[in-house]
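Here is a short briefing on selected parts of one chain. Please have the sequence and the model at hand as you read.

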Amino acid sequence: MRLRLTFATSLLACITLALTTGAGAQPTYPTSWDTALLRRADVRAALAHVEQGMPSHIQEWIAIAEMPGKSRSESQRAAYVKKAMEAEGLRVSVDSIGNVTGVRSGTGGGPTTVFAAHMDIVHALETNLKVRRAGDSLHGPGIFDNSASVANMLATIRALNAAKIRTKGNLVFVATVQEELGLRGMNFWFEHNPKPDLLISMDGGLGPINYGALGIFWTKYVFTSPGSHTVTSRNKPTPVKALADAVQRIYELRFPALPEGAVINVGQIHGGVIYNGVPQELYFTVDLRSPDPILLDSLDRTIGRIVQDAATKEKVGLRVEVEQKNQAGGTTAQLEPARRHPLVQTAVDIQAQLGIVPLPGAPDAIATGSTDGNVGVVRGVPSIAIGRSYGGNQHTLTEWANAPSALPATKLVLLLAVTFGDGVKTVPQHPIP
Ligand SMILES: [Zn+2]
């Protein structure tokens, strides 16, 4: 409701401005979405195929979610996806890290559009992955993030084929590995393949289209000391005091909050093995995130200085291990050119067409993202992340997803494939708020 009011207000503002300036030429976000597509017989057939296929689509989704999928152990899921893609006649390859790539060749002269869905989950191999159905809800670890997208991807490929849709450009479907370890599979894919024209990451709940990249730095700070028996430990250097001092000072840092600022989380503190001794090794980890590359780097350096300072003061050793450094795409202002690429508004328009509404008050597109799409954003490839269904509690054992919402999510993938399969048109229609 609030969204409608805001839209009505801004529409009114636009009309008022147009009337007062006498100019009809408002700045617009270009879109490639053309409703004429919905009158094409093959497109209608593909959409109907998706719709009619929902019962088996949901079964396949559950089957994928019940396969082991911990990062680096995605092989069963990968083998399943490979077989399914081959059955649909795609040119399939598996790279050395485990990404499965299926190419649906175009007739020529169109852009290469990559659709990426990560197969891995965060849950340990021994986790019970059995999915429980309760009405429209599916419950199980990894059911939402990201088994839903893998199933949506396969359903899209089958619908394109069933309706014999031809595109000019190649549609490249990539089931990635190790996304949860810091987008490793997608980074690897970009290092070993020609740069695509467009990247659409299928990951996240249905809602705003993500066109940015939240920079993510993971660092482990390890304090070391020779150790000592408790009895002889008085006034001896101890990694415990250095760690406590460093963590305390990190949490005292002041900086703007997300979405434009940053967030810091100390997710792990480990070390020591006995009651009666000074630990020889102790570490904590930092998960630092920001969409702003300058703030991200400056906070990273500040944390590094704080930790070094704490180690020096306490006279203990320090070892720094960088787990991932995924760079930031930029703030909303810095990413304005990316917002103007038709990829973003097209996805927004198709979502509106399909009745996918962001939560009240939420924008229809946001300049951030924490998916495989980030890898394209920081390399200057027009990239977005789109939702797979509604759901929640991801990365927990109480994860759930709303099954019927995979239908509009899959139609969104299909319509993006058909639209951009024929090229990036620009049909300006949307006043910039
Ligand atoms: Zn995910």
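Which residue in strand 15 is the bridge partner of Phe223? The partner is Leu318. Keep in mind that this is a predicted model.

**Strand pairings**

- Strand 10 spans residues 215-224, and strand 15 spans residues 317-326. They pair in the antiparallel sense, over 9 bridges. The Phe223–Leu318 bridge links to strand 15.
- Strand 10 also pairs with strand 14, residues 281-290. The sense is antiparallel, and the bridges number 10. Phe217 stands opposite Leu288 in strand 14.
- Strand 14 is joined to strand 12 as well, by 8 bridges. These two strands run antiparallel. Here Gln268 stands opposite Thr285 of strand 14.

**Exposure of strand 12**

**Helix 7 against helix 8**

- Helix 7 covers residues 239-251, and helix 8 covers residues 293-314. Their axes are 9 Å apart and pack at an angle of about 150°.
- That angle makes helix 7 roughly antiparallel to helix 8, because angles over 145 degrees count as such.
- The crossing of helix 7 past helix 8 is right-handed.
- From helix 7, the contact involves Lys241, Ala242, Asp245, Ala246, Arg249 and Ile250. From helix 8, they meet Ile303, Ile306, Val307, Ala310, Ala311 and Glu314.
- By type, the residues of this contact are 8 nonpolar and 4 charged, with no polar ones.

**Ile366, a buried strand residue**

- Ile366 lies in strand 16, residues 365-366.
- Is Ile366 buried or exposed? It has 21 C-beta neighbours inside 10 Å, so Ile366 counts as buried. The cut-off for buried is 20 or more.
- Leaving aside residues up to four places away in sequence, Ile366 touches Pro208, Asn210, Gly212 and Pro259.
- Leu335 is 31 residues from Ile366 along the chain. The C-alpha atoms of Leu335 and Ile366 are separated by 9.9 Å.

Terms used. Residues are numbered from 1 along each chain as its sequence is written. This is a predicted model: local features need pLDDT of at least 70, side-chain atom pairs count only at pLDDT 80 or more; totals for chains, interfaces and linings use all residues. Axes are lines fitted to C-alpha atoms, for helices over the stretch in contact, and angles run from 0 to 180 degrees between N-to-C directions. Helices (H or I, at least four residues) and strands (E, at least two) are DSSP runs, numbered from the N terminus. Angles under 35 degrees count as roughly parallel, over 145 as roughly antiparallel, 65 to 115 as roughly perpendicular and the rest as oblique. A crossing is left-handed if the near helix is turned anticlockwise from the far one by less than a right angle, and right-handed if clockwise. Two residues are in contact if their C-beta atoms, placed from the backbone, lie within 7 Å. Ala, Val, Leu, Ile, Met, Phe, Trp, Tyr, Cys and Pro count as nonpolar, Asp, Glu, Lys and Arg as charged, and the others, Gly among them, as polar. Two strands pair if DSSP finds at least two bridges between them. A residue is buried if 20 or more other C-beta atoms lie within 10 Å of its own, exposed if 12 or fewer, and partly exposed in between; C-beta atoms are placed from the backbone.
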